[in-house]
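Hello,

Here is the structure I promised to pass on to you. Have a look at it first, and then read my notes below with the model open beside them.

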There are 2 protein chains.
Amino acid sequence: MFSTVCVDGVVQRWEDLRLQDFAQGFFFGAGFFTTFRIDAGRPLFLSRHLARLRASLDAFPVAVRAPAPALLHEDAVRDSLRRGLEADPLLGPRFTGVGKLAVSDGRVLCTFRALAQDFDDLHREGRVLDSVEPGAYRRAERTVNHKGLAWFRQHALLPRLPLITNEADEVCELPTANVFVQLDGALVTPPLTAPCLPGVARAALLDAGTVDGLPVVERVVPLADLSRAQGCFYSNAVALAVGVPRLLGQALPGSLRLAERARAVLEASALREA
Amino acid sequence: MFSTVCVDGVVQRWEDLRLQDFAQGFFFGAGFFTTFRIDAGRPLFLSRHLARLRASLDAFPVAVRAPAPALLHEDAVRDSLRRGLEADPLLGPRFTGVGKLAVSDGRVLCTFRALAQDFDDLHREGRVLDSVEPGAYRRAERTVNHKGLAWFRQHALLPRLPLITNEADEVCELPTANVFVQLDGALVTPPLTAPCLPGVARAALLDAGTVDGLPVVERVVPLADLSRAQGCFYSNAVALAVGVPRLLGQALPGSLRLAERARAVLEASALREA
């Protein structure tokens, strides 16, 4: 992570931030965050990320102390990101990497990190998915729909990147990504009630409507149906879409091309929405 | 909370702690904590609290960066608490209140707060329990057995203090306490697989074996069985035991006496174990 950060729009040094200003986030995970890609200084899908943060704050008005609404206005956040990038020669106004907004204790913290770390560690293209975490979520479980600072359940599963299923053996998501499966002539992703996070890349693909000629639909995905899958990728706001050439032991060579098409759709959408 | 804290045994000021030293705890809830009562400078059940912290660290060796083992030895923690109390005239070596140990990022943070806050806010004797959070936990759900910094699910439920049940409509716990019910001539508390936290007061009562002549047993408690309850209290390491004079609409006047007896058992055990 870079040393330059913004708190409530003010550029600061990470090492100068005090724990006491983020105490409810630290002690109880009482906060929300969102992670997004920055391409040449341009944050992708920023308005969608902010809309989700605001929705999470609205959903838990007592448990999390929300910042002043103006601090989460898109223009304010865009300004704040720009000032942060311009303040640090290691970043600069044309920075490409990852931004993160964490909201807790009535504050908005924005941090930056390099893209490479995510990809070296986790999201290298052609990631094999061979593990299931059965029944880890319940259907309609409310906190899974919000990206909380209390992200420990997912954080603990992250190194193994298992498919998380619910008590009915339906696919929910991966610890840090939504799942898309080519099934019966459609590109299917589980509904929010599975439950799963309303991922920003997921929403943009659903809004786009088609990828590579396949209609993109929300539908319950029984784990057993994956044996009929013809392709698979996962999406998140940093990697956009990552192809899965092997899913639970089954080779899916078409996945890489499918993910490439999904990335193209997302990049085009991000440009339109910028 | 008091301004005097200890980090890795060193007395510091809360306002001097840096967020960067607790970053994994803040961003991911990747840490554990335990809260305990301090009576006249004596931490109650400290060795049990430390054993649970160590067990949680052992259970998640990758997800949470553990501190050096010596930092969680009982003598080291006892020394550290003593130095913290002696360093602050507002606390003092005979302080009565609440201590908290939070472990994340390879560090041990110890903080102090007044008892009054907990009791005014939440645990006033004779607390009525009239609310259920149905199916909030799944049976054998692993993270519920560990008191993580990612405590958001429970934190979000705290103001209402509902009985949390699992998908089979069995009682699990309260957001910050274990539940004991007088049922069929025994004092029954749900098993850890319900799931629930292995609370320190809960374990001490199970070890004691009887309260007011009733055998203390772990047993599945179907929500429907509460209609037959003859008494109820909840336990945690700060309030010890709090009587519930009304449980889901049913008057249980014997609960206050039962809780009083449970507190006496816990106080005696704590003295023996000190």
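**Two helix contacts in chain B**

In chain B, Leu46(B), Ser47(B) and Leu50(B) of α2(B) meet Glu74(B), Val77(B), Arg78(B) and Leu81(B) of α3(B). Sorted by class, the residues of this contact are four nonpolar, one polar and two charged. Before going further, please keep in mind that this is a predicted model.

How are two packed helices described? By the angle between their axes and the distance between those axes. For α2(B) and helix α3 (residues 74–87) of chain B, the axes come within 10 Å and cross at roughly 115°. The crossing of α2(B) and α3(B) is right-handed.

Helix α2 (residues 46–59) of chain B also packs with helix α6 (residues 200–208) of chain B, at an angle of about 115° and with the axes 10 Å apart. This crossing of α2(B) and α6(B) is right-handed. Here Arg48(B), His49(B) and Arg52(B) from α2(B) meet Val200(B), Ala203(B), Ala204(B) and Asp207(B) from α6(B). The contact of α2(B) with α6(B) has three nonpolar, one polar and three charged residues.

**How the two chains are related**

Chain B can be laid on chain A by a turn of 180° and a shift of 0.0 Å along the axis, with an RMSD of 0.0 Å. The two copies are therefore related as by a two-fold rotation axis. The same surface serves both copies, as 100% of the contact residues of chain B recur in chain A.

**The nonpolar cores**

Which residues have the most contacts inside the largest nonpolar core? They are Leu109(A) and Leu109(B), in a core of 124 residues. Leaving out residues up to four places away in sequence, Leu109(A) touches residues of chain A, including Val5(A), Trp14(A), Phe22(A) and Lys100(A), and residues of chain B, among them Leu19(B), Phe26(B) and Phe27(B). A second, separate core of 20 residues includes Ala204(B), Leu240(B), Ala241(B) and Leu258(B).

Start with Phe27(B), which is found in helix α1 (residues 23–28) of chain B. Its relative accessibility is 5%, so Phe27(B) counts as buried. Leaving aside neighbours within four places in sequence, the contacts of Phe27(B) include Met1(A), Trp14(A), Lys100(A) and Leu109(A). Phe27(B) and Ala150(B) are 123 residues apart in sequence, yet 9.5 Å apart in space, C-alpha to C-alpha.

Next comes Lys100(B), in strand β5 (residues 97–104) of chain B. Is Lys100(B) buried or exposed? At 6% relative accessibility, Lys100(B) counts as buried, because the cut-off is under 20%. Beyond its neighbours within four places in sequence, Lys100(B) is in contact with Phe27(A) and Phe28(A), and with residues of chain B including Phe33(B), Leu109(B) and Arg113(B).

With 18% relative accessibility, Gln182(A) counts as buried. Apart from neighbours within four places in sequence, Gln182(A) is in contact with residues including Leu187(A), Leu214(A), Arg228(A) and Leu258(A).

Last, look at helix α6 (residues 200–208) of chain A, where the buried residues are Val200(A), Ala201(A), Arg202(A), Ala204(A) and Leu205(A). After α6(A) comes Gly209(A), whose phi is positive, near 95°.

Methods. Residues are numbered from 1 along each chain as its sequence is written. Chains are lettered from A and ligands numbered from 1 in the order in which they are written. This is a predicted model: local features need pLDDT of at least 70, side-chain atom pairs count only at pLDDT 80 or more; totals for chains, interfaces and linings use all residues. Side-chain values use heavy atoms; hydrogens and water are left out. Axes are lines fitted to C-alpha atoms, for helices over the stretch in contact, and angles run from 0 to 180 degrees between N-to-C directions. Helices (H or I, at least four residues) and strands (E, at least two) are DSSP runs, numbered from the N terminus. A crossing is left-handed if the near helix is turned anticlockwise from the far one by less than a right angle, and right-handed if clockwise. Contact means heavy atoms within 4.5 Å. Ala, Val, Leu, Ile, Met, Phe, Trp, Tyr, Cys and Pro count as nonpolar, Asp, Glu, Lys and Arg as charged, and the others, Gly among them, as polar. Copies are superposed by least squares on the C-alpha atoms of residues with pLDDT of at least 70 in both. A nonpolar core is a set of buried Ala, Val, Leu, Ile, Met, Phe, Trp, Tyr and Cys residues joined through side-chain atoms within 4.5 Å. Buried means under 20% relative accessible area, exposed over 50%, partly exposed in between (1.4 Å probe, protein chains only).
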